[in-house]
Amino acid sequence: MAGGGTLGAGRERAKRGKPSKRKKKKRVGFVLDMTPLVDIAFLLLTFFMFTTTMTTPQIMQMFIPPDPTDVEVKMSELFTLRVRGDDKVFYNPGIDEPQLVLLKDLKKMMVEANIKLKNRLITVLKVDDNASYDVVIKVLDELNLAEADITPALLKDFNLPRERRFTIAPMTEKDLEEIKPL
Amino acid sequence: MSKVKMKRTGFVLDMTPLVDIAFLLLTFFMFTAKFKSEAESEQKFQIKRPKASADTSKIPDKNLAIIKIAIDSANIGDTSYYYEMTNEKDRAVVYATAKGIDDAQRLKMQIKATLPNLEELVQETRIQNPSTKFAIDADKRIRFKWLNDCMDVMRKKKATAFNLVTDKKQGM
């Protein structure tokens, strides 16, 4: 064994009594056959790799109004979005004429309209029965994305917490008439 | 001098780093793995979910009732509703008490439902466990009518808050 002098003070105790004659044998060349272990590990690894799906579905929260009750709102605070049977989206603020809008412009428009009216804007979505569900989700997604811009803008400019007012309403005959010729 | 073929006995390769990495990956995949529910493995259709931008909200897995609107893979163009519940205890009660359901379907995980069936199922679910969350998992190719009818059912049964199941849009 190495002399006590070179070791730290804590080791002094071990030197008491009979000096140990046993030489510490370094276990050089100790090998363990790890092949079966690796086999199983890789088997499990491949199994889990193939069975996992990385994309977990996510959700989009929806709140629908309970039984249709008549609530009086100002027309000027309404923002109507209509999706026609051929998946075209139309918008009209208040009582304006409906206009065609492209999905990519929708977000910008929503942000502007909302900031102008500071939380009072009510977005109404009306969808034709024949429109595809995919487009509806795309519209809802754009509306959700717009929220991310509206909330900080309102807070910064007017110090207002965002209160979202959105509803999904049934498409009436009158609605259909209005967007038919467009 | 004759060459003696040396047999390479006792050839060892240090596999420790290999095993380290293998186990690291193994544990990673084991913990992230999520298995298909029993109901999903018995269903005969596949839902192509619509894509929405990335969101942190994940689908809750406790006390969830899912209404699936799917296009049958056997007859393209045939859309139908399916009802599924994750809570087994509630499911047993709801499936047993809901009226108007084909008896053969009562023991299944997933019920193929018509609109009146759905209404009954939603109602029973709300009675059995009012904290049940609802989700609508619809194929993106369906017409909005199917969803609208479904929402009417939910509205009638006062389940006005629900979730629409979507997939994450890639590359965002």
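This is a predicted model: local features need pLDDT of at least 70, side-chain atom pairs count only at pLDDT 80 or more; totals for chains, interfaces and linings use all residues.
**Chain B**

Chain B holds five helices and six strands. Their order along the sequence is α-α-β-β-β-α-β-α-β-α-β. Of its 172 residues, 42% are buried. The accessible surface of chain B is about 10,400 Å². Carbon and sulfur atoms account for 57% of that surface.

**Salt bridges**

Over all chains, 14 salt bridges are counted. Three of them are listed here.

| Pair | Closest N and O atoms |
|---|---|
| A:Lys88 and A:Asp86 | 3.9 Å |
| B:Asp167 and B:Arg49 | 3.9 Å |
| B:Arg155 and B:Asp152 | 2.8 Å |

B:Asp167 pairs with B:Arg49. B:Asp167 sits in strand β6 (residues 161-168), while B:Arg49 is in the loop between α2 (38-42) and β1 (51-52), so the bridge ties together parts of chain B that are 118 residues apart in sequence. Both residues, B:Asp167 and B:Arg49, are buried.

B:Arg155 and B:Asp152 make a local pair. They are three residues apart in helix α5 (residues 144-156) of chain B, and about one helical turn separates them. B:Arg155 is buried at 12% relative accessible area, whereas B:Asp152 is partly exposed at 31%.

In chain A, A:Lys88 is partly exposed at 38% relative accessible area. A:Asp86 is also partly exposed, at 40%. Together with A:Arg84, these residues are linked in a network of salt bridges.

**Surface patch**

A:Ile40, A:Leu43 and A:Leu44 make a nonpolar surface patch of about 290 Å². A:Ile40 belongs to helix α1 (residues 35-51) of chain A.

Conventions:
Residues are numbered from 1 along each chain as its sequence is written. Chains are lettered from A and ligands numbered from 1 in the order in which they are written. Side-chain values use heavy atoms; hydrogens and water are left out. Patches are made of residues with over 30% relative accessible area and no salt bridge: like charges are joined within 9 Å, nonpolar side chains (Val, Leu, Ile, Met, Phe, Trp, Tyr) within 5 Å. Accessible areas come from the Shrake-Rupley method with a 1.4 Å probe; for residues, only the protein chains shown count as cover. A salt bridge is a side-chain nitrogen of Lys or Arg within 4 Å of a carboxyl oxygen of Asp or Glu. Helices (H or I, at least four residues) and strands (E, at least two) are DSSP runs, numbered from the N terminus. Buried means under 20% relative accessible area, exposed over 50%, partly exposed in between (1.4 Å probe, protein chains only).
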